[in-house]
Amino acid sequence: MVINRLTSLLAAVFLLVSTVVAHAGDTLNSREWIKAWGIDAAFVSLSSQIQNMSARPEIARNKKLQKAWNTLSSEVYSAGRMEDGLVKEMDGLFAEEQTREFAAFLASPLGKRVTELERQSSDPKMQDEKMAKAAELWATQSESRKNSICSMFDSMGGAKSSVATSINISFGFQKAMQAGGELLKSYSDDILWLRARKGVIASVAPKYRELLPQMMAFTYRSLSDEDLEDYARFLDSDAGRATYKKIIDAQDRMMKSITVEFGRRIMVEFENGKA
């Protein structure tokens with residue numbers, strides 16, 4: 001499946017938050033929010049992973065397709081393009097009261113601690129260890145900790161963000177395969193979106209629902225039960241839920257816009273004989 005190697009990365013994107021202590025008393029603009037959440041850093045990793053999909057056998061066996069993927073993915077799915085696109089989608093989304101409340105939490109001792117743990121967990125060097133140890137750690141968690149983590153998972157939107165990103169990447173992959181003659185050109189975009197959704201929901205979404213809480217247990221393993229419960233309560237607040245929902249929806253719109261552009265341009269590359 002196209003997305004399997006991205007599972008750990010998308011889990012990191014799901015969890016990424018960083019400190020906004022310097023802005024605790026102010027409202028943040030869209031780009032400051034993105035940097036405050038560490039999403040800009042996550043886009044660097046996501047861009048690299050998408051570009052590296054050119055090594056997949058389905059692409060690598062077609063040298064013209066591989067070349068086109070390398071060229072276009074590095075441009076269209078660049079970290080800068082994704083960040084700029086998200087800035088545009090987020091513009092004006094946050095009410096001042098919500099912004100202040102969320103920033104105030106991140107500036108608190110618990111908010112700073114959570115931020116540091118999420119940054120450590122998002123380090124690419126940590127991904128293999130996290131994937132290897134998360135399930136074992138989850139099995140040792142008390143029911144109260146599992147309940148807190150599952151509550152956090154729901155407040156953060158569940159697996160919606162990772163699933164939506166996976167669907168977009170799957171659609172882009174299928175458009176590339178179609179452009180390179182590896183998939184029927186008679187398939188309309190509507191059919192390709194349907195195939196992407198069905199594939200991700202059937203085979204990837206269940207993995208996210210299982211893996212993400214386990215990875216959250218690994219990320220927050222050093223938090224006390226009390227701190228974990230306090231964080232879960234904050235995420236379940238109006239400010240916590242509303243902020244996550246707005247970020248997730250905006251990111252999905254951005255990824256869909258970029259993916260549609262990628263699909264259109266890679267088709268044009270082959271139709272015009274440039275590939």
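The protein chain holds 14 helices and zero strands. Both kinds of element are DSSP runs numbered from the N terminus, with at least four residues (H or I) for a helix and at least two (E) for a strand. This is a predicted model, in which local features need pLDDT of at least 70 and side-chain atom pairs count only at pLDDT 80 or more, while totals for chains, interfaces and linings use all residues. Residues are numbered from 1 along each chain as its sequence is written, and side-chain values use heavy atoms, with hydrogens and water left out.

**Overall build**

- Along the sequence, the pattern reads α-α-α-α-α-α-α-α-α-α-α-α-α-α.
- The protein chain has 275 residues, and 52% of them are buried.
- Buried means under 20% relative accessible area, exposed means over 50%, and partly exposed lies in between (1.4 Å probe, protein chains only).
- A contact means heavy atoms within 4.5 Å.
- Take the contacts with a separation of 6 or more: 82% of them join residues 24 or more positions apart.

**The nonpolar core**

- In soluble globular proteins, nonpolar side chains tend to be buried together.
- A nonpolar core is a set of buried Ala, Val, Leu, Ile, Met, Phe, Trp, Tyr and Cys residues joined through side-chain atoms within 4.5 Å.
- The largest such core here has 66 residues, and Tyr220 and Tyr231 have the most contacts inside it.
- Helix 12 (residues 189-219) gives the most to this core, with ten residues.

**Cavities**

- Rolling a probe the size of a water molecule over the atoms shows where empty space is left.
- A cavity is a set of points, on a 1 Å grid over the protein atoms alone, where a 1.4 Å probe fits but cannot get out; lining residues have an atom within 4 Å of a point.
- Grid points are joined across faces, edges and corners, and a volume is the space filled by probe spheres set on the points.
- The count is two cavities of 30 Å³ or more.
- The second largest cavity has about 30 Å³ of space.
- Its lining is made of Ser161, Ala164, Thr165, Asn168, Ile248, Gln251, Asp252 and Met255.
- Helix 11 (160-179) and helix 14 (238-271) each supply at least two residues of that lining.
- By class, the lining has three nonpolar, four polar and one charged residues.
- In these classes, Ala, Val, Leu, Ile, Met, Phe, Trp, Tyr, Cys and Pro are nonpolar, Asp, Glu, Lys and Arg are charged, and the others, Gly among them, are polar.

**Ser73: a buried serine**

- Ser73 sits in helix 5 (residues 63-76).
- Ser73 counts as buried because its relative accessible area is 0%.
- The side chain of Ser73 reaches the backbone oxygen of Trp69 at 2.6 Å.
- Beyond residues up to four places away in sequence, Ser73 touches Ile50, Gln51, Ala68, Ser78 and Phe262.

- Ser155 lies in helix 10 (residues 143-155), and Arg241 lies in helix 14.
- Ser155 has 4% relative accessibility, so it counts as buried.
- Arg241 has 37% relative accessibility, so it counts as partly exposed.
- A polar contact is a pair of N or O atoms within 3.5 Å; within protein, one must be able to donate a hydrogen and the other to accept it, and residues adjacent in sequence count only if both atoms are side-chain atoms.
- The side chains of Ser155 and Arg241 make a polar contact of 3.5 Å.
- The side chain of Arg241 also has a polar contact with the side chain of Asp236, at 2.7 Å.
- Neighbours within four places aside, Ser155 is in contact with Leu235, Asp236, Arg241 and Tyr244.
- Arg241 and Met152 are 89 residues apart in sequence, yet their C-alpha atoms are 9.7 Å apart.

**Two exposed residues**

- Arg61 lies in the loop between helix 4 (57-60) and helix 5.
- Arg61 counts as exposed because its relative accessibility is 56%.
- The side chains of Arg61 and Glu182 are joined by a polar contact of 3.1 Å.
- Val44 belongs to helix 3 (residues 39-51).
- Val44 has 51% relative accessibility, so it counts as exposed.
- Val44 and Glu83 are 39 residues apart along the chain, with 9.5 Å between their C-alpha atoms.

How values were computed
1 Å grid on protein atoms, 1.4 Å probe; cavity = no way out; pocket = protein on both sides within 12 Å on 5 of 7 lines; lining within 4 Å.
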